[in-house]
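Please look over the sequence and the structure first, then read the points by topic.

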Amino acid sequence: MSSAKPLDGLLVVSVEQAVAAPLASCRLADAGARVIKIERSEGDFSRGYDRAADGLASYFAWLNRGKESIVLDLKSAEDQALLGRMVERADVYIQNLAVGAADRLGFGSESLRRRHPRLVTCDISGYGPTGPYAEMKAYDLLVQAESGLISVSGAPGPLGRVGVSVADIATGEAAARAISQALVRQARTGEGAGIEVSLFSAMAEWMTVPLLHHDCLGKAPERVGLAHPSIAPYGGFTTADGTTMLIAVQSDREWRTLCEEVLDRPDLARDPRFATNKARVEHRDETDRAVGEVFARLHDDDLRQKLTRSRMAFGTVNDVAGLSAHPQLNRITVTHADGTVDLPAPATTADWDEPARRAGAALPALDQHGARIRAEFAR
């Protein structure tokens, strides 16, 4: 079996910082691309978010393995010329500067593609290049709020952000996917591509189902905590041991199985208030009460055995300590100048990256590769 990675030999030049663009280029680096990370003199500001990862910032440790770092002053004619020579050899150019900043510096994607027709460019922004919000600063929390995500997340009561940077993550993943598609076309036709992705557009797409409920039914889903706005029973119920056990009933057939084999209440399956999902949602309080009364009498081990035997979908509410000790958690180890950091492995697995899951690529120190890159791309 070949150990070649799909993007071996490709060069990605990324003027990046924070989360979305570094995540996109990280996915390309994982697939074998050489990624040169362009940083300002103070470095990607995610380097300073915290010191949680063995003295390094957790976000930076997560998103920058396998890259090369060079510090450039993009207002300097000399460094502009150097970046121009790097882009000339590149297959992919990524940037997430403020809208219009790359154009003002002479590195707008459209002008670069005119000079280099094979180049794949990807511009990442908060709200896109046009429209009334185009020049607004956009960070993950702000886009969670503007997209309506916060309004449908969590339990009734005070609003709260989703606990991880989902807008940034969705954007980075979308960018990596589009770049990979463009590289396939580039290999087949020799044509480059211009890709634009924004945090807002990524979150707006994720909000399709609540939006359709609003636009077509006249009412958006309410915040229902651990429940599901369209399915019942679906959520958390307290056991006799005080554990919150989650179940997800996806069909009326599964409901009948739950009633007969777990709840020992076959009569509930025949009750017209509960016979269909539509009826159960309409009678959600009664449905949840019937399930909750049985769960409250069962100890964790007994309930788990019943749920497992009946092949019901279930789980428990973990905290982060529970994730850290979870038997299904796979990790990779990345190295840095002073040691190593263990990270969750990427979600996808492929035969070409199996060795990297045992010992991940290194994290770059600021400008670690600067001298070598300058010599490589000298006139």
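A residue counts as buried under 20% relative accessible area, as exposed over 50%, and as partly exposed in between. By that scale Ala220, with a relative accessible area of 34%, is partly exposed. The model described here is a predicted one.

**Overall build**

- The protein chain contains 17 helices and eleven strands.
- Of the 379 residues in the protein chain, 44% are buried.
- The accessible surface comes to about 19,700 Å², and carbon and sulfur atoms hold 53% of that surface.
- Among contacts with a separation of 6 or more, 68% join residues 24 or more positions apart.

**Nonpolar cores**

- The largest nonpolar core is made of 36 residues, and Ile94, Cys122, Ile124 and Ile179 have the most contacts inside it.
- At least two residues of this core come from each of helix H1 (20-30), strand E4 (92-95), strand E5 (120-125), helix H7 (166-189), strand E6 (193-198) and helix H8 (199-206).
- H7 gives the largest share of this core, with nine residues.
- Apart from this core there is another, of 22 residues, including Leu72, Ala101, Ala102 and Phe377.
- Leaving out residues up to four places away in sequence, Ile179 touches Leu28, Val92, Ile94, Val120, Cys122 and Ile195.

**Helix H1**

- H1 is largely enclosed by the rest of the structure, because nine of its eleven residues are buried.
- Those buried residues are Ala20, Ala21, Pro22, Leu23, Ala24, Ser25, Cys26, Leu28 and Ala29.
- After H1 comes Gly32, which has a positive phi near 110°.

**Cysteines**

- Zero disulfides are found in a search of the whole structure.
- For Cys26, the closest cysteine sulfur is that of Cys122, and the separation of 15 Å is too far for a bond.

**A three-stranded sheet**

- Three strands form an open sheet in the order E7-E8-E9, and their pairing is antiparallel.
- Strand E7 (234-238) and strand E9 (314-316) are the edge strands, each pairing on one side only.
- On average, neighbouring strands of this sheet are turned by 25° against each other, with direction ignored.
- Three bridges link strand E8 (residues 244-248) to E9 in the antiparallel sense.
- Ile247 has Phe314, in E9, as its bridge partner.

**Around Ala220**

- Ala220 lies in the loop between helix H9 (208-217) and E7.
- Apart from neighbours within four places in sequence, the contacts of Ala220 are Pro210, His213 and His214.
- Val152 is 68 residues from Ala220 along the chain, yet the C-alpha atoms of these two residues are separated by 8.2 Å.

Terms used. Residues are numbered from 1 along each chain as its sequence is written. This is a predicted model: local features need pLDDT of at least 70, side-chain atom pairs count only at pLDDT 80 or more; totals for chains, interfaces and linings use all residues. Side-chain values use heavy atoms; hydrogens and water are left out. A nonpolar core is a set of buried Ala, Val, Leu, Ile, Met, Phe, Trp, Tyr and Cys residues joined through side-chain atoms within 4.5 Å. Buried means under 20% relative accessible area, exposed over 50%, partly exposed in between (1.4 Å probe, protein chains only). Helices (H or I, at least four residues) and strands (E, at least two) are DSSP runs, numbered from the N terminus. Contact means heavy atoms within 4.5 Å. A disulfide is a pair of cysteine sulfur atoms within 2.5 Å. Two strands pair if DSSP finds at least two bridges between them. Axes are lines fitted to C-alpha atoms, for helices over the stretch in contact, and angles run from 0 to 180 degrees between N-to-C directions. Accessible areas come from the Shrake-Rupley method with a 1.4 Å probe; for residues, only the protein chains shown count as cover.
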